[in-house]
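Reader: Please show me the model. I would like to ask how its labels were assigned.

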Amino acid sequence: NLTLHPRTRLSFSPLVWVLLALMGIAVVVALIRYAIGIGPISDLSDSYPWGFWISFDLYTGVAISSGGFLMAGTVYILQIKEFKPLLRPSVLTAFLGYIMVAVALLVDLGHPERIWYIMIHWNHTSVLLEIGICVMSYLTVLAIEFAPVVFEGVKWQKLAHFVHKFIMPFGILGVVLSTLHQSSLGSLMLIEPAKLHPLWWTPILPILFFTSAVSIGLAMIILESSLSARYFKRGLETHLLDKLARAIPVVLAVYLVLKFGELAWAGDLGYLFTSGLKSGLFWAEILISSVFPITWFSIKMNRQNPNRLLLGAIILLLGMILNRFNVSWFAVEHYDSLFHVPTFMSNVKYIPTLTEVLVSLGIFSAGILAFGLAAKYLPIFEPVSQEAHTPGGD
C-alpha cells in the first residue's frame, strides 16, 4: 500500500469537489464543441462573433493577470525589495491567468487547430498579430519566471539557482510585453468608431486600458493575498498591501481625468445623460470602478483593515470587469451580417448559452484549483514578517 506523506496527501474539501465538477462539465462541453462545431453550444453568429467568451475569458482574464507585471516592475526595475514577498504569488496568478486565456481561445476559435498559423501567416495591419505574439511571448517569460519556484519545490536547488541568476532580464522583458498587451486590447477596438458607443470609443483607448490595468493589478494583488491568507491560515502582509492601496486613488484619479477629459475634448459629454441604458452602464462603471475605490482607499482605516482592504479590492474589480464588458460587448452595436443593418432593426440577437458560461466557469475553476495546489506544494509564499497580521474582523 502507498502511504502518502502528510504534505502530499490531497484533501478534497467541498470547494475542491465543486471546482472539479465544473471542470468536468467544461471538458464535456468542449469535447462536444470539437466534435460537432461551435454552433450547437453557443449563440454566437456572424453578427455576434464576439460574446461572453471574449468579454470574460479574454478581456477580463488578461486584465486580472496584470498584477504579475506590476510586481515584477516594482521588484526588478524599481528595486523595491520589500515587495518581494508578493512577487511569486502575483507571477503565479498572471501565469495561470494567461494559460486560462489561451485555453479559452482554443474553444472560442472557429478553427482552434490553426491557432499556430499566426506565427507563419502574419497580418501586419492587425492588432491581433501583436496581441498574439505578446501573449505567447509573455507566457514563455512567465514560465521562466516561475521555473525557480518549481525547481525549489522538487529540491533541484542548483537548477533553481542557475535560472534565478538570469531572472531579472526576463522580468523586465515581461513588464514590456505585458504593457504592450494590456494597452493593445484597447487598440483592438479602435477599428470600431461606428460601432462602439462614443462614451467608450476614443483614440486613447490603449492608454485607458493600460491605466485601468494598473489599478486592476493592484486590486488583484490585494485580493489574492487576502484570500490565500485566509484559506492557507497564513499571516497577511497588511503593511505592504496598505502601500499598494495608497496608490489606487492616484491611478484611478489619472484614469478619470483622462476619460472625462477626452469626452470633453471630443464634445461627447452630452451622451452622459442622453444615451438610455448606455448612460446607466457608463455611470455604474464609473461609480463602482473609480469613485467608490478612490473614496474607500483614501481612508487610512480602510487600508489597514484586512476585511476592508478585501472589500474595496472586490468592488474595484467588479467595476473594471464591467468596463471590459461594456467596451467589448454591451456598448458595441452589432449589425445584421446579411443586410448590414443595426441589430435593433433586425431579428438578430445574442444571449449567452448555459454551455458558454459553463465552459468559462470550468476554465476559471481550473485556475483556482491550480493556484491552490501550487500554493500548497510549492514555496510560493515567503516567511511572514513580524509586521504581517492574521486576517480578522473589524
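Author: Buried means under 20% relative accessible area, exposed means over 50%, and partly exposed lies in between (1.4 Å probe, protein chains only). This is a predicted model: local features need pLDDT of at least 70, side-chain atom pairs count only at pLDDT 80 or more, and totals for chains, interfaces and linings use all residues. Residues are numbered from 1 along each chain as its sequence is written, and side-chain values use heavy atoms, with hydrogens and water left out.

Reader: Why is Tyr 48 called buried?

Author: Its relative accessibility is 11%. The limit for buried is under 20%. Tyr 48 therefore counts as buried. Tyr 350, at 8%, also counts as buried.

Reader: Which parts does the pair of Tyr 48 and Tyr 350 tie together?

Author: Tyr 48 lies in the loop between α1 (14–36) and α2 (52–63), and Tyr 350 in the loop between α12 (306–330) and α13 (354–377), so the pair ties together parts that are 302 residues apart in sequence. Helices here are DSSP runs (H or I, at least four residues), numbered from the N terminus.

Reader: Why is the pair of Phe 282 and Trp 283 called edge-to-face?

Author: The ring centres are 5.7 Å apart and the planes stand at 85°. Edge-to-face needs over 60 degrees. The pair is therefore edge-to-face. Phe 282, at 0% relative accessibility, counts as buried, while Trp 283, at 25%, counts as partly exposed.

Reader: How many aromatic pairs does a search of the whole structure find?

Author: The search finds 23. One aromatic cluster is formed by Tyr 48, Phe 52, Phe 56, Phe 325, Trp 329, Phe 330, Tyr 350 and Phe 364.

Reader: What makes α3 roughly perpendicular to α8?

Author: Helix α3 (residues 67–77) and helix α8 (residues 205–231) pack at about 85°, with axes 8 Å apart. Axes are lines fitted to C-alpha atoms, for helices over the stretch in contact, and angles run from 0 to 180 degrees between N-to-C directions. Angles under 35 degrees count as roughly parallel, over 145 as roughly antiparallel, 65 to 115 as roughly perpendicular and the rest as oblique. The angle of about 85° therefore makes α3 roughly perpendicular to α8.

Reader: And why is α2 called roughly parallel to α13?

Author: Their axes come within 10 Å and cross at roughly 10°. That angle makes α2 roughly parallel to α13. Contact (heavy atoms within 4.5 Å) is made by Phe 52, Trp 53, Phe 56 and Asp 57 of α2 and Glu 356, Val 357, Val 359 and Ser 360 of α13.

Reader: How do you know that the charged end of Arg 234 sits over the ring of Phe 381?

Author: A charge sits over a ring if NZ of Lys or CZ of Arg is within 6 Å of the ring centre and within 35 degrees of the ring normal. The charged end of Arg 234 is 4.1 Å from the centre of the Phe 381 ring. Arg 324 lies over the face of Phe 209, at 4.2 Å from the ring centre.

Definitions and conventions
Helix = DSSP H or I, 4+ residues; strand = E, 2+ residues; numbered from the N terminus. Phe/Tyr/Trp six-rings, centres within 6.5 Å; stacked < 30°, edge-to-face > 60°.
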